[in-house]
Amino acid sequence: MNAATSLPTCIVCRSPQVEEFLDLGATALANNFLTAAEIERDEPTYPLRVGFCHACAHVQLTTPVPPASMFQTYLYRSSASTTLSDHLADLAKTLVDRHHLGPNDLEVDIGCNDGTLLTAFREHGVRTLGVDPAENLAALDESGIERYIGYFGDETARRIVERWGRASIATATNTFPHIPALDDFVLGMDRLLEPGGTFVIEAHYLLDLIEQGAFDTVYHEHVSYWAVGPLIRLFDRFDMDVVRVERLPIHHGQLRASIQRRGEGAVDPSVPALLELERSRGLDQFSTMQAFGDQVRRAKRDLTDALARLRREGKRLAAYGAPAKGNTLLSYLELDPDTIEYIADRSTLKQGRFTPGTHIPVVPAERLLEDQPDYAVLLAWNFEDEVLAQQAEYRRRGGRFLVPVPVLREV
Ligand SMILES: [Zn+2]
C-alpha cells in the first residue's frame, strides 16, 4: 500500500528541478503509534526522501503522504512538554506586546493542537480561534477555546471570516512545514488577515537542521524544511513580505518569521541579515545538501556500531522519549525490541502503544527508575536539559543517557 503521491514540482516555485540528496528508507508514519492489536496487521510504509530545488533552494520531501492519513488523529500534545508550554506562553506575550493586541483583536492559531498557545493569548484578553483537523485533540481540549475542525486554506479562511471576522494576528507554530498546498494556504492567509495584520510562523530551521546533523527532523509530516530564502520567494508571489525573522533556541533551533501584505509593514534588517548568513553557509547550494546526506549516512553506521557493541557487552538498552522524530531514527537504524527493550515516555496517549514500523513498546516514564537499564537512548534529544532534570535519579543510580544526534554522546 505504498500509495504516496509523487511530487513532480517544487511546492514553492513550481520548478520541476527538485533533486534528491537523502533517502531515509521506507518508513511508517512517525506519529502513528500502534495498539497491541495493530502491530499484528500489515502496516503501510512510505518512502522518506528529501530533495533540493535547484531554482529556489527549497528543501522538501519528494514523495509526500496525503495529509488525511497523518493529522486526523494526532497523539502529540503541546502541553506535554513544560519547555514548550513556557515557550508558547512567551510567544503570546511577545506578540501581544509587539502588536498591541487587545479584546478587539482576533488571534487564529493554525494547527492549534490542545490549545496551549491560545490559552496564553486568552489570558492577555485577546479573542481566540483554533484551527486543527485532529478530532481527538478537540475532545481533549478542556480550555473551552473555540475551534474550527479542518485544514486551513482559502475556503476555511472564507468561513472563518464570515463567522468570526478577520484576524489581527495568525500563528502557525510547527505546522507550516506540514502544508503541501502552499498556494491555497497563503491565499487563505491573505483573506483572513485584516489590513496591517501579521502572520507568524515558527518552524524548524533548515540552517540548524543541517549544522546539527538533525536528520531525525525529517519525517512524513514535515513536507518542507524552511529557510528564509524560499520563504521570501513563496510569499513574494502573493505580494506579501517576510518582515522580520528571529532564530529561537527551542527544539535546538527554530525560525520565527513574521509576514505582512506588501506595504503594510516595513522589512526589518533581520531579514536581509539572515538571508546573507544562509548564503554564506551555502544553504542555497546543492553541494551543501549532498554533504549533509553523506554525514547522515556516516551517523547511521556509527550509531548502529555503537549500539551493537553495547549489546554484545551485555548492556541493557532502553530509550527515553517517544517523539515523532524518534521514529525516523529508530526506522533508519532498523532498531527493534531486541536492541531497545522499551521507550519510557510521559505521554499517557502513547503509553501502552508500540512505535510505528519498529514496534518497540512505549511504557510510563517511571519504568526507567523501576528497571534501571544501563543506557537510555535520548530520542527527545531536543529536550535534553528538561529530561536530565526530570531523570536525575536514574543517572544518580548509575544509568546513562545516550544522546544520538549529531554524534553519539554519553551523559
Ligand atoms: Zn523551488
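A residue counts as buried when its relative accessible area is under 20%, and as exposed when that area is over 50%. The exercises below apply this cut-off and others to a predicted model.

**Exercise 1. Helix 11**

Task: Determine how many of the residues of helix 11 (residues 324-332) are buried, and state what this says about the helix.

Solution. 
Step 1. List the buried residues: Ala324, Lys325, Gly326, Asn327, Thr328, Leu329, Leu330, Ser331 and Tyr332.
Step 2. Compare with the length of the element. The buried residues are 9 of the 9 in helix 11, so the helix is largely enclosed by the rest of the structure.
Step 3. Find what encloses the helix. Its buried residues pack against strand 1 (18-27), strand 2 (46-53), helix 10 (286-312) and strand 13 (343-345).
Step 4. Look at the end of the helix. Just after helix 11 comes Glu334, with a positive phi of about 55°. Glu334 sits in the loop between helix 11 and strand 13. With a relative accessible area of 61%, Glu334 is exposed, because the cut-off for exposed is over 50%.

**Exercise 2. Strand 12 and its partners**

Task: Find which strands pair with strand 12, and in which sense the chain crosses from strand 12 to strand 13.

Solution. 
Step 1. Check the faces of strand 12 (residues 317-320). Leu317 and Ala319 are buried on one side, and Ala318 and Tyr320 are buried on the other, which leaves both faces covered.
Step 2. Take one partner. Strand 15 (residues 375-378) runs parallel to strand 12 and is joined to it by 4 bridges. Within strand 15, Val377 is the bridge partner of Ala319.
Step 3. Take the other partner. Strand 13 also pairs with strand 12 in the parallel sense, over 2 bridges. Here Ala319 has Ile343 as its bridge partner.
Step 4. Follow the chain. From strand 12 the path goes through helix 11 to strand 13, a β-α-β crossover that is right-handed.

**Exercise 3. The zinc site**

Task: Identify the donors of the zinc ion and decide which geometry they form.

Solution. 
Step 1. Name the donors. The SG atoms of Cys10, Cys13, Cys53 and Cys56 coordinate the zinc ion at 2.2 to 2.3 Å.
Step 2. Examine the angles. The 4 donor atoms subtend 104 to 115° around the zinc ion, which makes the arrangement tetrahedral; the angles for that class must all lie between 85 and 135 degrees.
Step 3. Read the spacing along the chain, which is C-x2-C-x39-C-x2-C.
Step 4. Check burial. Cys13 and Cys56 are both buried, and Cys10 is buried with a relative accessible area of 0%.
Step 5. Check for disulfides. A search of the whole structure finds 0 of them. Cys112 is likewise buried, at a relative accessible area of 3%.

**Exercise 4. Backbone exceptions**

Task: Locate the cis peptide bond between Val405 and Pro406, and describe where Ala57 lies.

Solution. 
Step 1. The bond from Val405 to Pro406 is cis, with omega near 0°. Pro406 belongs to the loop between strand 16 (400-403) and strand 17 (409-410).
Step 2. Ala57 is not a glycine, yet its phi is positive, about 70°. Ala57 is in the loop between strand 2 and strand 3. Its relative accessibility of 12% makes Ala57 buried.

**Exercise 5. Ala120**

Task: Decide whether Ala120 is buried or exposed, and list its contacts beyond its neighbours within four places in sequence.

Solution. 
Step 1. Ala120 is part of helix 3 (residues 116-123).
Step 2. At a relative accessible area of 9%, Ala120 is buried.
Step 3. With those sequence neighbours left aside, Ala120 is in contact with Leu88, Ala89 and Ala92.

Technical notes
Residues numbered from 1 in each chain as written. Predicted model: local features only at pLDDT ≥ 70, side-chain atom pairs only at ≥ 80, totals over all residues. Heavy atoms only, no water. Disulfide = S-S within 2.5 Å. Buried < 20%, exposed > 50% of the residue type's maximum accessible area, 1.4 Å probe, protein only. Contact = heavy atoms within 4.5 Å. Donors = N, O, S within 2.8 Å, 3.2 Å for Na, K, Ca; no water. Tetrahedral: all angles 85-135°; square planar, octahedral: opposite > 155°, others 65-115°. Pairing = 2+ DSSP bridges. Right-handed = clockwise from strand over helix to strand, strands pointing away.
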